[in-house]
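Dear colleague,

Please keep the structure open while you read.

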Amino acid sequence: GSVCCWDVRKFEGGGCYWKFVAHEFGGCSDIAYNPNVPGMLATCAIDKTVVLWDTLHATSKPDQRPVRVGSKAMNVGQLFSVSFYPSSTSACLLACGGGGGELD
């Protein structure tokens, strides 16, 4: 599944600012920006993985797309939701919900 970033100030006439394939199998179910770590994006998919991306220096140039920094199979089935904990004291906590009947 692809993720596309739009500049809403140019939404009517502009194109996608940057775009990348986040998950090869089954599309991208959800995305979340970390409110406390600039540029940290998480994606999840029905391929049962969460992938972390660095978008801080991403631009519309082909060689400056978001950079994949890690991925993890979450062992909770197909993933439908991902979210970062909003507190700055726990800036790197992430939760995801999947179809396996558990929350990780």
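Cys4 has a relative accessibility of 30% and therefore counts as partly exposed, a class that lies between buried (under 20% relative accessible area) and exposed (over 50%), worked out with a 1.4 Å probe on protein chains only. This is a predicted model, in which local features need pLDDT of at least 70 and side-chain atom pairs count only at pLDDT 80 or more, while totals for chains, interfaces and linings use all residues. Residues are numbered from 1 along each chain as its sequence is written, and side-chain values use heavy atoms, with hydrogens and water left out.

Cys4 is joined to Cys16 by a disulfide, with an S to S distance of 1.7 Å, where a disulfide means a pair of cysteine sulfur atoms within 2.5 Å. Cys4 lies in strand 1 (residues 2-5) and Cys16 in the loop between strand 1 and strand 2 (18-21), so the bond ties together parts that are 12 residues apart in sequence; strands here are DSSP runs of E, at least two residues long, numbered from the N terminus. Cys16, at 29%, is also partly exposed.

Cys5 takes part in no disulfide, as the nearest cysteine sulfur, that of Cys16, is 6.8 Å away. For Cys28, the closest cysteine sulfur is in Cys44, and at 6.5 Å it is too far for a bond.

The structure also holds 1 salt bridge, meaning a side-chain nitrogen of Lys or Arg within 4 Å of a carboxyl oxygen of Asp or Glu. Arg9 forms this bridge with Asp7, the closest N and O atoms being 2.9 Å apart, and Arg9 is exposed, at 72% relative accessibility.

Note on methods
Helices (H or I, at least four residues) and strands (E, at least two) are DSSP runs, numbered from the N terminus.
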